[in-house]
Structures are given as C-alpha cells and as structure tokens.
Amino acid sequence: VTNCVFCAIAAGNEPAVIVYRDDNLVAFTALEPEAPVHLILVPRRHIPSVDALGPEHAALWMDLLQVAQRLARSSGINVEGEGYQLLTHAGRHGTRAFPHLHVHLLDGDR
Ligand SMILES: [Zn+2]
C-alpha cells in the first residue's frame with residue numbers, strides 16, 4: 001500500500017534492522033525501542049489491523065505467534081522468568097498510529 005511504512009520495510013524499500021524474514025512475515029527492531037528487546041512483527045501483505053483478521057488469516061496469525069516465540073528465545077529473553085509482552089492494537093492509539101497490522105515483542109514493561 002502506498003505510503004505505508006511497514007509495507008515499505010517489508011518490501012525492503014525502507015531501512016530497518018531485519019531480524020527475521022520469510023514469505024509471509026518480517027520482523028525488525030523497533031525504530032524507537034522502548035525496552036532492551038523491542039521487535040516489531042508484520043505480515044508482508046497489508047492488513048490494516050488486528051481488527052481486520054478473520055478465519056482466512058488463521059495460519060498467518062499462528063505463524064506470526066510462533067515467530068514471536070522463537071524471536072523471544074533467540075533474543076535472550078528468559079521466557080520462563082521475566083518473560084515478554086506481545087502488543088497489538090486496532091485504530092489510533094496515542095501516537096502509534098501505523099495502519100498496518102503489527103505486533104510488538106517487548107521484554108520489559110511499557
Ligand atoms: Zn502496509
């Protein structure tokens with residue numbers, strides 16, 4: 001989608017530190033990290049938000065969660081200890097209005 005920064009990152013047209021990429025998903029370090037580990041996971045295909053997900057996205061959503069699990073471990077997070085957060089939103093939420101489905105993976109409070 002034109003003017004969507006997460007589409008541009010997923011397509012490699014916008015700079016980002018990519019930590020994971022496959023046919024459907026991209027993960028990169030947050031541009032303005034708020035925790036020692038702060039990654040953002042996005043589908044490569046434009047989906048407006050978590051609120052737009054339906055049964056047809058079941059496999060994609062599960063894939064995203066499994067990538068998040070693996071990235072938490074590979075980032076050194078003690079998942080049995082302090083653990084991590086996954087955050088997503090629909091619509092405008094403070095200043096974090098990116099209209100492309102994304103999930104934050106954070107190892108701290110926020
Ligand atoms: Zn997009």
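In this predicted model, L25 touches Y20, V42, P43, R44, L60, D63, L64 and V67, leaving aside residues up to four places away in sequence. L25 also belongs to the largest nonpolar core, which has 16 residues; L25, L39, L41, L64, V67, L71 and L105 are the members that touch the most others. At least two residues of this core come from each of β2 (25-29), β3, α2 and β5 (103-106). The largest share, 6 residues, is supplied by α2. A separate second core comprises 10 residues, among them C4, V26, F28 and V42.

C4 also takes part in the metal site: the zinc ion is coordinated by C4 (SG), C7 (SG), H46 (ND1) and H100 (ND1), at 2.0 to 2.3 Å. The arrangement is tetrahedral because the 4 donor atoms subtend angles of 104 to 116 degrees around the zinc ion. The donor residues follow the sequence spacing C-x2-C-x38-H-x53-H. Distant parts of the chain are linked by C4, in the segment before α1 (5-10), and H46, in the loop between β3 (38-43) and α2 (58-74); the two are 42 residues apart.

The table lists the relative accessibility of three residues.

| Residue | Relative accessibility | Class |
|---|---|---|
| C4 | 9% | buried |
| H46 | 24% | partly exposed |
| H38 | 4% | buried |

H38 lies in strand β3. Its side chain makes a polar contact of 2.8 Å with the side chain of H104. H38 counts as buried because its relative accessibility is 4%, whereas H46, at 24%, counts as partly exposed.

Technical notes:
Residues are numbered from 1 along each chain as its sequence is written. This is a predicted model: local features need pLDDT of at least 70, side-chain atom pairs count only at pLDDT 80 or more; totals for chains, interfaces and linings use all residues. Side-chain values use heavy atoms; hydrogens and water are left out. Donors are N, O and S atoms within 2.8 Å of the metal (3.2 Å for Na, K and Ca); water is not among the atoms, so sites may look incomplete. Four donors count as tetrahedral if all angles lie between 85 and 135 degrees; four count as square planar and six as octahedral if opposite donors are over 155 degrees apart and all others between 65 and 115; anything else is irregular. Helices (H or I, at least four residues) and strands (E, at least two) are DSSP runs, numbered from the N terminus. Buried means under 20% relative accessible area, exposed over 50%, partly exposed in between (1.4 Å probe, protein chains only). A polar contact is a pair of N or O atoms within 3.5 Å; within protein, one must be able to donate a hydrogen and the other to accept it, and residues adjacent in sequence count only if both atoms are side-chain atoms. A nonpolar core is a set of buried Ala, Val, Leu, Ile, Met, Phe, Trp, Tyr and Cys residues joined through side-chain atoms within 4.5 Å. Contact means heavy atoms within 4.5 Å.
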